[in-house]
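Subject: Handover of a structure and findings

Dear colleague,

Please find below the structure that I am handing over to you. My findings follow it.

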Amino acid sequence: MKLYALALALLLLLGLCSCGNPIRDIVTQPETVPSGEPDLPDEPDLPDEPDSTPVPTPETEEECRARLTKKMQDIFGAAEPMENYSFTLGERMTVGEKEYYYGLWQRTIVDYDTQSRYLSTVAEFFITPDGAECYIGNYYPENAGNGETVVFSSGNIFEEINNG
């Protein structure tokens, strides 16, 4: 019996030596212990509080123009149907210390006698890129260097509409 117990102890010792020490592996390298679950990639460290503030993406020139044109259509469309009207934004320009888009508010006129269509300018306007201010006025590019090239004929029409 003693010989049988000694043989079993030797077999156990040989088994432990050939496989390494599983207890030491568990204590020093827990990630190498097979758990029976598939290995998944480590998840990145996330902050305790998720950042709920959206990262603003810069607005492109086309998006800015579309937003401002839509604003003009909505404001003036509330007073009169806009089927025959269009708003076109031209170049950016500086008037005083502020930057504006120069725009045209035009109406499509149909001459039924000649079956021709043409655009008639209702007003020239100047709108800030943020859409906060808009002025009706005139643009005189031929006066460059010889006088005023932009003359506002009204106050901020958005304030007038809101206060009117």
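Which residue in S2 does Thr-94 stand opposite? The residue opposite Thr-94 is Glu-99 of S2. Please note before reading further that this is a predicted model.

**Overall layout**

The protein contains four helices and five strands. Along the sequence these elements follow the pattern α-α-α-β-β-β-β-β-α. Of the 164 residues in the protein, 21% are buried. The accessible surface amounts to about 12,800 Å², and carbon and sulfur atoms account for 56% of it. When contacts between residues at least 6 apart in sequence are considered, 36% of them join residues at least 24 apart.

**The sheet**

The five strands form an open sheet in the order S1-S2-S3-S4-S5, and the pairing is antiparallel. Strand S1 (85–95) and strand S5 (150–152) are the edge strands, each of which pairs on one side only. From one strand to the next, the twist averages 40°.

The pairs may be taken in order:

- S1 and S2 are antiparallel and pair over nine bridges. Their hairpin has two residues between the strands, and Gly-96 takes a positive phi near 65° there.
- S2 (residues 98–111) and S3 (residues 116–127) are antiparallel and joined by eleven bridges. Val-110 has Arg-117 of S3 as its bridge partner, and Gln-106 stands opposite Thr-121 in S3. Four residues lie between the strands of this hairpin, in which Gln-115 takes a positive phi near 55°.
- S3 and S4 pair over four bridges in the antiparallel sense, with Phe-126 opposite Tyr-135 in S4. In this hairpin six residues lie between the strands, and Gly-131 has a positive phi near 80°.
- S4 and S5 run antiparallel and are joined by three bridges. Here Asn-138 stands opposite Val-151 in S5.

Strand S4 deserves a separate remark. It is largely enclosed by the rest of the structure, because five of its six residues are buried.

**The helix across the sheet and the cores**

Helix H3 (residues 61–77) lies across S1, S2, S3 and strand S4 (134–139), and runs at about 125° to S1.

The largest nonpolar core has 17 residues, of which Met-72, Phe-76, Phe-87, Trp-105, Phe-125, Ile-127 and Cys-134 touch the most other members. At least two residues of this core come from each of H3, S1, S2, S3, S4 and helix H4 (157–163). The element that gives the most to this core is H3, with four residues. Apart from this core lies another, of eight residues, including Met-93, Tyr-102, Tyr-135 and Tyr-139.

What does Cys-134 touch, not counting residues up to four places away in sequence? Its contacts are Met-72, Phe-125, Phe-126, Ile-127, Gly-155, Asn-156, Ile-157 and Phe-158.

Thr-128 is in the loop between S3 and S4. Is Thr-128 buried or exposed? Residues under 20% relative accessible area are classed as buried, and Thr-128 counts as buried because its relative accessibility is 5%. Leaving aside neighbours within four places in sequence, Thr-128 is in contact with Leu-68, Glu-99, Tyr-100 and Glu-133. One of these, Glu-99, is the residue that Thr-94 stands opposite. The side chain of Thr-128 also makes a polar contact with the side chain of Asp-130, at 2.6 Å. Thr-128 and Tyr-101 are 27 residues apart in sequence, while their C-alpha atoms are 6.2 Å apart in space.

Asn-156 is in the loop between S5 and H4. With a relative accessibility of 8%, Asn-156 therefore counts as buried. Residues up to four places away in sequence aside, Asn-156 touches Ala-132, Glu-133, Cys-134 and Tyr-135. Among these, Glu-133 is also in contact with Thr-128, and Tyr-135 is the residue of S4 opposite Phe-126.

Yours sincerely

How values were computed
Residues are numbered from 1 along each chain as its sequence is written. This is a predicted model: local features need pLDDT of at least 70, side-chain atom pairs count only at pLDDT 80 or more; totals for chains, interfaces and linings use all residues. Side-chain values use heavy atoms; hydrogens and water are left out. Two strands pair if DSSP finds at least two bridges between them. Axes are lines fitted to C-alpha atoms, for helices over the stretch in contact, and angles run from 0 to 180 degrees between N-to-C directions. Contact means heavy atoms within 4.5 Å. Buried means under 20% relative accessible area, exposed over 50%, partly exposed in between (1.4 Å probe, protein chains only). Accessible areas come from the Shrake-Rupley method with a 1.4 Å probe; for residues, only the protein chains shown count as cover. A nonpolar core is a set of buried Ala, Val, Leu, Ile, Met, Phe, Trp, Tyr and Cys residues joined through side-chain atoms within 4.5 Å. A polar contact is a pair of N or O atoms within 3.5 Å; within protein, one must be able to donate a hydrogen and the other to accept it, and residues adjacent in sequence count only if both atoms are side-chain atoms.
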